[in-house]
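Here is a short briefing on a two-chain model. It covers the interface, the aromatic pairs and the salt bridges.

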Amino acid sequence: MTLRMKEARRWPGSEWIKDHPRPLEIAYRLTRRVVGRVVPWMLRVSPRASEELMIAGEKVAKGYLFNCQMCGQCVLHSTGMTCPMNCPKKLRNGPCGGVRQNGNCEVIEERRCVWVQAWERAHRGSYAEELLILQPPVDQRLQNSSAWLNMVTGADSQPPQGWVMATEDTQATASRSAK
Amino acid sequence: MNARVLPPLRSGSRLERILRSGQMAVTGEIKASDGADPKDVIKYSRPLANTVDAINAVDGASANSAISSIATCALLVQKGLEPTLQMNCRDRNRIAMQSELLGAAALGIKNVFLMSGDDVVSGDQPESKRVYDLGSVQLIRAAKIMRDQGVFLSGRKLSKPPRFFIGAADNPFIPPYEYRHYRLAQKVEAGADFVQTQWCFDPEVFRRYMQRVRDLGLHERVFILVGVGPIRSERAVEFMRDRVPGMRVPDEIVERMRKAPKERKKAEGVNICVEIMEQVREIEGVAGFHVMAYGMEDSIAEILERTGLSPRPTGEEDSRTVEQPAVASNE
């Protein structure tokens, strides 16, 4: 039953690719650069068409590789190139307390916990320390929009005001105690 | 004995005061009533009333509907008992969560325990919708924002911030083992003041975990209560091993329960619990126990007696904690 959940889908070969995250990280940096240059341009020509185009591109590329759920606020490179939205509980800050002894998911018994995989893969890549970033709540309005576009416009990095206040507060306390 | 630099007093709950005084705290868990009769809640609370410092009221445990945590807590407060409100991320979105937290504070609930929650597949309504609008770490942060910043997640001001002693779940007994202490670090950074761990059947695994926790200095920033409890029968322990998500039950434990003669099963379960507690309490950084005794609530008193944890302190005689100014924010 649970294998039919959309979070359980894995395309042939995609797991192997993610198990070797270095090339994906290069692709990430490249995409970031290209998208950053090209998108503002495209938006000037036709905002509507560029969004459709980006969405189509993401659905194919990230859909195949990561079983992308189109949350529109990608954190893949911080989570060992493993999409946290493939966690049935949508946890973006680490594994829940229900992981099975064999490292599989509490809900989808046949699949490994995405956070077990994220941990392993992050340590084969170069962003392991980013695993511990406190990821803000998901902006549910961005569902089904283009994460690449949102990255350029900054729509993917606008946590709620209260969250921002607390983060600034923690950082101020940390820097005070460091002095 | 306690070199801990204490953070500001959070809610002044009995649980918090006992922990701050450096004494071992003991918490328990009340059976969730499957009915609408408030007398059931009072009945179920009886074996816990003067035995533990605070009583967790579960929130749709195992994804089964039952009387709500907030109602149970309110009834316990009326009886003069100290509850801990459990809240999961499975059943409500962030709007409902924040509203409920305010309501809880208004009802006199001072401890909260915030977690992801068992998935809907564990219950009798696996066809339900999962919410998970926030994850546990984000919910912990949201509660901290309300308490310390005095605003909702959105930044809108609260007329009076709630004062909570914020609890979180911690499971050292499952993969990814190398991640688990960092996971605790995340929850502490988010705002957890205390954690209650999953049921500990394997002190060795826990000892190794605590070593890594101490390496990160976390034992001085968060109170760690270790989950323990008596087992009723061999069937119960096998069920936990095979069916309850997130449990690690070594075969020796199952074997011991199997070998115990029929009329001695419960006594053996209590023995195992006491032995584990004796081993675990010596570990540096352990601040107390969370005793889960489903269907064996009557044995809690005996367990605490045998481990020297009863009678419980009132949490009031300690001047160090009483004189603390009630600082609600970290300005």
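Helices (H or I, at least four residues) and strands (E, at least two) are DSSP runs, numbered from the N terminus. This is a predicted model, in which local features need pLDDT of at least 70, side-chain atom pairs count only at pLDDT 80 or more, and totals for chains, interfaces and linings use all residues. Residues are numbered from 1 along each chain as its sequence is written, chains are lettered from A and ligands numbered from 1 in the order in which they are written, and side-chain values use heavy atoms, with hydrogens and water left out.

**Interface of chains A and B**

- Contact (heavy atoms within 4.5 Å) joins 41 residues of chain A to 42 residues of chain B.
- The buried area is about 3,400 Å², and carbon and sulfur atoms give 58% of it. Buried area is the accessible area (1.4 Å probe) that two parts lose on being put together, summed over both.
- A:Gln101, A:Trp119 and A:Leu134 supply 19% of the area that chain A buries against chain B, more than any other three residues.
- Helix H4 (114-122) and helix H6 (161-178) of chain A are the elements that give two or more residues to the side touching chain B. H6(A) gives the most, with nine residues.
- That side of chain A has 21 nonpolar, 13 polar and seven charged residues. Here Ala, Val, Leu, Ile, Met, Phe, Trp, Tyr, Cys and Pro count as nonpolar, Asp, Glu, Lys and Arg as charged, and the others, Gly among them, as polar.
- Between chain A and chain B the count of salt bridges is zero. A salt bridge is a side-chain nitrogen of Lys or Arg within 4 Å of a carboxyl oxygen of Asp or Glu.

**A:Gln135**

- A:Gln135 sits in the loop between H4 and helix H5 (147-153) of chain A.
- A:Gln135 is buried, at 9% relative accessibility. Buried means under 20% relative accessible area, exposed over 50%, partly exposed in between (1.4 Å probe, protein chains only).
- Beyond its neighbours within four places in sequence, A:Gln135 has contacts that include A:Arg92, A:Trp163 and B:Gln138.

**Aromatic pairs**

- Over all chains there are 10 aromatic pairs. Rings of Phe, Tyr and Trp (its six-membered ring) pair if their centres lie within 6.5 Å; planes under 30 degrees apart count as stacked, over 60 as edge-to-face and the rest as tilted.
- A:Tyr28 and A:Tyr127 pair edge-to-face, at 6.1 Å centre to centre and 85° between the planes. A:Tyr28 lies in helix H2 (residues 21-45) and A:Tyr127 in the loop between H4 and H5 of chain A, so the pair ties together parts 99 residues apart in sequence.
- A:Trp115, A:Trp119, B:Tyr179 and B:Tyr182 form one aromatic cluster.

**Salt bridges**

- The structure holds 36 salt bridges over all chains.
- A:Arg121 bridges to A:Asp19, with the closest N and O atoms 2.9 Å apart. A:Arg121 lies in helix H4 and A:Asp19 in helix H1 (residues 14-19) of chain A, so the pair ties together parts 102 residues apart in sequence.
- A:Arg121 is buried at 1% relative accessible area, while A:Asp19 is partly exposed at 26%.
- A:Lys89 and A:Glu106 form a salt bridge, the closest N and O atoms being 2.9 Å apart. A:Lys89 is buried at 3%, and A:Glu106 is buried at 5%.
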